[in-house]
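Here is a note to read with the model open beside you. Each point takes up one feature that you can look for yourself.

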Amino acid sequence: MTTPGTGSGAGAGTGIGDGTGTVTRAEVCVVACAEAWRGDGEVLAATAGTVPMLGARLARLTFSPRLLLTDGEAMLLSTPEDPASAEGWLPYRKHLSVAARGKRHMMMGASQLDRYGNQNISCIGDWARPVRQLLGARGAPSNTVNHPVSYWVPRHSPRVFVPRVDMVSGVGHDRAAEAGGAAARFHGLRRVVTDLAVLDFATPDHRMRLASVHPGVTVAQVREQTGFELVVPDQVPVTREPTPEELRLLRGVLDRQGTRDREVRG
Amino acid sequence: MTDLDKRLSLAEFAARIESGMTVGIGGWGARRKPMALVRALLRTDVTDLTVVSCGGPDVGLLAAAGRIRKLVAPFVTLDSVPLEPHFRAAREAGALQFEEWDESMFLWGLTAAAHRLPFMPVRGGLGSDIPRRNPRLRTVTSPYEDGEELLAAPALTLDVALVHMNRADVRGNGQSLGPDPYFDDLFTEAAERAYLSCEQVVERFTGPPQSLLVQRQNVTGVLHTPRGAHFTSCAPDYARDEAFQRAYVRAAGEPDAWREFEARFLTGDEAAYQRAVEAHCAREGAAR
């Protein structure tokens with residue numbers, strides 16, 4: 001990360017990399033997601049969504065070469081440069097074993113997220129008779145108490161960042177601490193990447209903190225789009241832009257079709 | 001050999017399912033669902049079912065027809081379409097009881113049933129709202145030095161399991177040729193009786209030994225149902241029929257359109273369904 005006023009500056013796409021033009025918000029988001037897996041070693045980088053998937057693949061091709069990746073179905077990719085090359089087999093049942101063993105860092109989605117990182121993908125409104133039924137808890141309860149988890153929110157808004165989630169599918173810091181023991185033993189939330197910012201929980205009581213704003217985004221914008229009070233440090237860094245090599249890999253190898261720009265506007 | 005021939009017709013199968021039963025359905029989301037068996041159930045008046053499923057359109061169709069009293073599931077999805085429209089409508093109307101499980105709880109609940117154990121200890125679910133929404137869930141304390149208090153995933157014991165395989169023999173051995181067996185073998189092991197539908201009935205199996213997933217001692221009946229997983233995927237025999245799934249979702253969003261969908265696809269037998277799908281695809285193809 002760079003501090004404001006240095007680096008390439010807020011919002012000013014510089015046409016670095018392969019020379020095809022401005023760095024898009026989606027590309028900044030891919031790199032911010034990739035950063036979640038920095039230093040993770042030989043663990044499975046599991047994802048939900050296009051941008052986190054590209055982030056995991058980018059991390060694997062650059063600064064986290066030991067990561068394991070899936071093809072989105074039941075195979076482990078030998079290299080993200082060749083999605084048809086498998087190095088292993090990971091059907092759902094084995095996926096759940098990897099999760100329970102803790103050798104996994106997943107970036108999940110969230111329909112709601114609160115200040116302690118409690119996540120809801122189950123339903124909106126009263127659980128007994130929801131206003132809007134969503135997916136169901138899926139593996140979020142077990143993921144969050146078994147291994148590191150991060151979140152990806154493609155549209156940062158007060159509808160997602162709420163004071164209180166309607167159903168705790170993924171366990172946040174306060175609920176893990178309250179349950180204690182077996183629930184807290186392997187619990188660990190890392191970061192939340194959105195289309196506006198990167199957030200983390202690096203505060204004494206693990207409340208959500210603004211870690212960086214993406215180039216062109218102001219702190220006020222992030223506050224306005226968050227339905228609870230964020231911890232905001234005096235100096236908020238700007239999320240780093242992709243390096244030329246990262247742009248080359250992203251544009252020329254991992255996502256030639258530009259699917260990333262369909263998930264993030266701007 | 002003849003005494004081991006477990007083949008039966010869809011009508012014979014459906015006649016063996018009774019209202020009030022607990023029915024486990026294999027596959028995952030909109031992948032390798034025993035849809036021909038589900039459609040056969042829709043042609044009976046069986047109702048009041050407890051359905052146990054990693055849910056997809058199996059849950060959707062049964063919910064739309066009002067056959068589900070209680071659903072035990074970690075999710076219901078169509079994969080390429082994240083939210084299942086009928087499940088959503090049923091939940092929002094309060095039309096079914098929902099026991100929401102975590103995926104790993106679900107795996108170990110089936111495993112407990114398959115092993116004839118009352119429960120299996122799991123970490124997943126602790127700290128979340130899953131136990132708070134489900135008063136029957138209990139914790140268990142490890143008797144060893146660690147003393148950890150874990151969630152006791154209760155055995156998901158089934159009256160009946162329904163699964164769809166790529167290949168089967170008449171004795172009830174089933175072969176899964178796709179990349180993921182899901183929990184299908186566990187479903188058959190957790191059930192009193194299991195019905196296995198398949199794309200092809202074979203005399204001899206070919207392919208890797210690991211693909212022989214379902215064993216005949218766990219299978220009551222075999223049904224030959226080509227394209228029986230439609231419109232879900234049945235890799236490598238066929239992919240999900242995305243166009244048809246979109247048509248299903250569109251119809252589900254509007255009562256009149258749904259009645260028309262039912263009239264067109266779900267009033268006849270399985271052969272009529274497959275013919276109607278073919279006609280639909282030909283028409284859509286011509287329109288494009």
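1. Start with B:Val140, which stands opposite B:Leu150 in E7 of chain B. The strands E6(B) and E7(B), the latter spanning residues 149-154, are joined in the antiparallel sense by four bridges. Two strands are said to pair here if DSSP finds at least two bridges between them. Helices (H or I, at least four residues) and strands (E, at least two) are DSSP runs, numbered from the N terminus.

2. A word on reading what follows: the model is predicted, so local features need pLDDT of at least 70 and side-chain atom pairs count only at pLDDT 80 or more, while totals for chains, interfaces and linings use all residues. Residues are numbered from 1 along each chain as its sequence is written, and chains are lettered from A and ligands numbered from 1 in the order in which they are written.

3. Now step back to the sheet around that pair. It is an open sheet of three strands in chain B, ordered E5-E7-E6 with antiparallel pairing. Strand E5 (119-122) and strand E6 (138-141) of chain B are its edge strands, each pairing on one side only. From one strand to the next the twist averages 45 degrees. Across E5 and E7 of chain B lies helix H5 (residues 103-114) of chain B, running at about 150 degrees to E5(B). Axes are lines fitted to C-alpha atoms, for helices over the stretch in contact, and angles run from 0 to 180 degrees between N-to-C directions. Contact between two residues requires their C-beta atoms, placed from the backbone, to lie within 7 Å.

4. How is chain B divided? Its parts are domain 1 (2-103 + 156-241) and domain 2 (119-154), with bounds that come from an automatic or database domain assignment. The C-alpha centres of these two domains of chain B lie 28 Å apart. Four residues of domain 1 of chain B are in contact with five residues of domain 2 of chain B. On the domain 1 side, the residues divide into one nonpolar, no polar and three charged. In these classes, Ala, Val, Leu, Ile, Met, Phe, Trp, Tyr, Cys and Pro count as nonpolar, Asp, Glu, Lys and Arg as charged, and the others, Gly among them, as polar.

5. Follow the parallel strands of chain B next. Strand E2 (residues 49-53) of chain B runs parallel to strand E3 (residues 68-73) of chain B, with four bridges between them; B:Val52 has B:Val72 as its bridge partner. The crossover from E2(B) through H3(B) to E3(B) is a right-handed β-α-β crossover. Right-handed is the term if, with the strands pointing away from the viewer, the path from the first strand over the helix to the second runs clockwise. E3(B) is also joined by four bridges to strand E4 (residues 97-100) of chain B, again in parallel, and B:Ala73 is partnered by B:Glu100. Helix H4 (residues 85-92) of chain B carries the chain from E3(B) to E4(B), and this β-α-β crossover is right-handed.

6. Helix H2 (residues 35-42) and helix H3 (residues 57-64) of chain B pack at about 5 degrees, with axes 10 Å apart. They are therefore roughly parallel to each other, a label given to angles under 35 degrees. B:Met35, B:Val38 and B:Leu42 in H2(B) meet B:Asp58, B:Leu61 and B:Leu62 in H3(B). By class, this contact has five nonpolar, no polar and one charged residues.

7. Turn to chain A for an open sheet of six strands, ordered E1-E4-E9-E10-E11-E12 with mixed pairing. Strand E1 (44-47) and strand E12 (209-213) of chain A each have a single partner strand, so one side of each is left without a neighbour in the sheet. E1(A) runs parallel to strand E4 (residues 104-108) of chain A over four bridges, and A:Ala45 stands opposite A:His105.

8. The two chains meet through 36 residues from chain A and 35 residues from chain B. The chain A side divides into 22 nonpolar, eight polar and six charged residues.

9. Finally, some backbone details to check. Most residues other than glycine have a negative phi, and most peptide bonds are trans. The bond from B:His230 to B:Phe231 is cis, with omega near 10 degrees, and the bond from B:Ala235 to B:Pro236 is cis, with omega near 0 degrees. A:Arg138 has a positive phi, near 50 degrees, and is found in the loop between E8 and H4 of chain A.

Methods
Parallel < 35°, antiparallel > 145°, perpendicular 65-115°, else oblique.
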